[in-house]
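Please look through the sequence and the model below before reading on.

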Amino acid sequence: QVQLVESGGGLVQPGGSLRLSCVASGSIFSMNAMDWYRQAPGHQRELVATMGSGGNTNYADSVKGRFTILRDNAKNTVYLQMNSLKPEDTAVYYCNARGYSDTYRFFEVWGQGTLVTVSS
């Protein structure tokens with residue numbers, strides 16, 4: 001069983017910064033992509049940033065130049081550094097991870113979400 005635990009959300013003023021963390025634990029043989037999604041009230045969940053096992057990254061246009069996805073493979077941890085935050089970044093942020101367990105079964109798991117509120 002693989003689990004993800006997110007942390008780092010909170011209330012921040014416009015223009016501020018936050019760093020989200022997502023730690024994967026359990027019977028992991030290999031981790032492929034680790035991604036960050038977000039869902040704002042009344043909106044569908046959207047992909048914010050993704051990082052493959054080789055370090056390749058991709059970002060939503062709305063966060064390019066402001067957000068950075070980082071990954072520590074040794075710790076099975078992915079981070080989302082968010083700078084120059086805007087009120088429209090307010091959402092619940094979810095971590096998603098895909099890989100193979102120690103019995104070589106594919107898994108895809110979601111974290112419980114962490115709320116980011118950008119407001120003055």
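Which residues make a nonpolar surface patch of about 480 Å²?

## The surface patch

In this predicted model, the nonpolar surface patch is made by Phe-29, Tyr-100, Tyr-104 and Phe-106. Phe-29 has its place in strand β4, which covers residues 28-39, and because its relative accessibility is 52%, where the cut-off for exposed is over 50%, Phe-29 counts as exposed. Phe-106, whose place is in strand β10, has a relative accessible area of 48% and is therefore partly exposed. Although Phe-106 and Ser-30 are 76 residues apart in sequence, their C-alpha atoms are 9.5 Å apart in space.

## An aromatic pair

A pair of aromatic rings is described by the distance of the centres and the angle of the planes.

## A network of salt bridges

Side chains of opposite charge can pair when their charged atoms come close. The structure holds five salt bridges, among them the one between Arg-38 and Glu-46, where the closest N and O atoms are 2.7 Å apart. Arg-38 counts as buried because its relative accessibility is 6%, whereas Glu-46, at 34%, counts as partly exposed.

Arg-38 also forms a salt bridge with Asp-89, with the closest N and O atoms 2.9 Å apart. Arg-38 lies in strand β4 and Asp-89 in the loop between β8 and β9, so this pair ties together parts that are 51 residues apart in sequence. Asp-89 forms a salt bridge with Arg-66 as well, at 2.7 Å between the closest N and O atoms. Arg-66 lies in the loop between β6 (57-59) and β7, so its pair with Asp-89 ties together parts that are 23 residues apart in sequence. Arg-66 and Asp-89 are both buried. Through shared partners, the salt bridges join Arg-38, Glu-46, Arg-66 and Asp-89 into one network.

## The open sheet

Four strands form an open sheet with antiparallel pairing, in the order β1-β3-β8-β7. β1 (2-7) and β7 (67-72) stand at the edges and have a single partner strand each, so one side of each is left without a neighbour in the sheet. On average, and with direction ignored, neighbouring strands of this sheet are turned by 15° against each other. β7 pairs with β8 (residues 77-82) in the antiparallel sense over six bridges, and the bridge partner of Asp-72 in β8 is Thr-77.

Note on methods. Residues are numbered from 1 along each chain as its sequence is written. This is a predicted model: local features need pLDDT of at least 70, side-chain atom pairs count only at pLDDT 80 or more; totals for chains, interfaces and linings use all residues. Side-chain values use heavy atoms; hydrogens and water are left out. Two strands pair if DSSP finds at least two bridges between them. Helices (H or I, at least four residues) and strands (E, at least two) are DSSP runs, numbered from the N terminus. Axes are lines fitted to C-alpha atoms, for helices over the stretch in contact, and angles run from 0 to 180 degrees between N-to-C directions. Patches are made of residues with over 30% relative accessible area and no salt bridge: like charges are joined within 9 Å, nonpolar side chains (Val, Leu, Ile, Met, Phe, Trp, Tyr) within 5 Å. Accessible areas come from the Shrake-Rupley method with a 1.4 Å probe; for residues, only the protein chains shown count as cover. A salt bridge is a side-chain nitrogen of Lys or Arg within 4 Å of a carboxyl oxygen of Asp or Glu. Buried means under 20% relative accessible area, exposed over 50%, partly exposed in between (1.4 Å probe, protein chains only).
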